[in-house]
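Please consider the following model with attention to its surface, its helices and its charged side chains. The account begins at the surface.

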Amino acid sequence: MFGIGGGELILIIFIALMLFGSDKIPEIARAMGKGMAQLKNATNEIKSEIQKGAEANGIDTSMKELTSTFSDEVEKVKSNLDSNMLTEVTKVKEDIENLTGPIKRQL
């Protein structure tokens, strides 16, 4: 977690315990949790306001459309790559067979 090993984490917890005491640590953790929840709510509100503003101005920011367009393009490239790769593999196989004779499978 964050590039911190087990021993380092124990040392940090020990120092926090020494500085704040065992009665203050739960309060600090609770306050940090509330702060993180408020931050998450604020970012979600900002995100929804941006989306509402974009929709009100006629800007289509539908993630479904963006991802489907992207997925379609990826599939086109993939199929093109697959067909090109298959023809190249077949060509190389034929070249090898022309040089060495037919390839026989061994079980």
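In this predicted model, Leu11, Phe14, Ile15, Met18, Leu19, Phe20, Ile28 and Met32 form a nonpolar surface patch of about 850 Å². Patches consist of residues with over 30% relative accessible area and no salt bridge, like charges being joined within 9 Å and nonpolar side chains (Val, Leu, Ile, Met, Phe, Trp, Tyr) within 5 Å. Two elements, α1 (6–20) and α2 (25–56), each give two or more residues to the nonpolar patch. The greatest contribution comes from α1, with six residues. Helix α2 contains isoleucine 28, a residue that is partly exposed at a relative accessible area of 33%. Here buried means under 20% relative accessible area, exposed over 50%, and partly exposed in between (1.4 Å probe, protein chains only).

The protein chain as a whole has three helices and zero strands, arranged along the sequence in the pattern α-α-α. Helices (H or I, at least four residues) and strands (E, at least two) are DSSP runs numbered from the N terminus. Of the 107 residues in the protein chain, 3% are buried. The accessible surface of the chain amounts to about 10,100 Å², and carbon and sulfur atoms account for 64% of that surface. Such areas come from the Shrake-Rupley method with a 1.4 Å probe; for residues, only the protein chains shown count as cover.

Helix α1 has 15 residues and spans 21 Å from its first C-alpha to its last, close to the 21 Å expected at 1.5 Å a residue; the expected span is 1.5 Å times one less than the number of residues. Glycine 21, which follows α1, has a positive phi near 85°.

What does the model show of charge pairing? The count comes to one salt bridge, defined as a side-chain nitrogen of Lys or Arg within 4 Å of a carboxyl oxygen of Asp or Glu. This bridge joins the side chains of glutamate 73 and lysine 76 (3.5 Å, N to O). Because they are three residues apart in helix α3 (residues 63–100), glutamate 73 and lysine 76 are separated by about one helical turn. An α-helix has 3.6 residues a turn, so residues three or four places apart point the same way. Glutamate 73 is partly exposed, at 40% relative accessible area, whereas lysine 76 is exposed, at 52%.

Confidence is given by pLDDT, the predictor's score for each residue from 0 to 100. The protein chain averages 81, and 85% of the residues score at least 70. Among its elements, α2 has the highest mean pLDDT (90) and α3 the lowest (78).

Residues are numbered from 1 along each chain as its sequence is written, and side-chain values use heavy atoms, with hydrogens and water left out. Local features need pLDDT of at least 70 and side-chain atom pairs count only at pLDDT 80 or more, while totals for chains, interfaces and linings use all residues.
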